[in-house]
Amino acid sequence: MDKEENIALLLSQENVKLHKHNKILSMQVAIAIEGLKAVIEHCSDFPLNIAQKTLSEMEDCENPDLP
């Protein structure tokens, strides 16, 4: 195996690891969003404007408007 093939293999392995971690993080964020929605809907003592702003920011992270 030459140097370029070795580099390609290492990059491919790293890409697989990153993909796995991104899926896990995505699931964690989705769970956090659902929990925050529940807080907004069911807890009148919680400052709803802060919770709503946090939820909006979290959702914006999922759909960034990148150039």
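How much accessible surface does the chain have, and what share of it belongs to carbon and sulfur atoms? The accessible surface comes to about 5900 Å², and 60% of it belongs to carbon and sulfur atoms, with areas taken from the Shrake-Rupley method and a 1.4 Å probe, only the protein chains shown counting as cover for residues. The model is predicted, so that local features need pLDDT of at least 70 and side-chain atom pairs count only at pLDDT 80 or more, while totals for chains, interfaces and linings use all residues. Residues are numbered from 1 along each chain as its sequence is written, and side-chain values use heavy atoms, with hydrogens and water left out.

The chain holds two helices and zero strands, these being DSSP runs (H or I of at least four residues for helices, E of at least two for strands) numbered from the N terminus. Of its 67 residues, 9% count as buried, that is, under 20% relative accessible area, where exposed means over 50% and partly exposed in between (1.4 Å probe, protein chains only).

The largest nonpolar core consists of six residues, I33, L36, I40, A51, L55 and M58; such a core is a set of buried Ala, Val, Leu, Ile, Met, Phe, Trp, Tyr and Cys residues joined through side-chain atoms within 4.5 Å. Helices α1 (3–42) and α2 (48–62) are the elements that give two or more residues to this core. Leaving aside residues up to four places away in sequence, M58 touches V29, A32, I33 and L36, contact meaning heavy atoms within 4.5 Å.

The whole structure contains one salt bridge, a side-chain nitrogen of Lys or Arg within 4 Å of a carboxyl oxygen of Asp or Glu. The side chains of K37 and E34 meet in a salt bridge at 3.6 Å, N to O, and both residues lie in helix α1, three residues apart, about one turn of the helix. K37 is partly exposed at 29% relative accessible area, and E34 is partly exposed at 48%.
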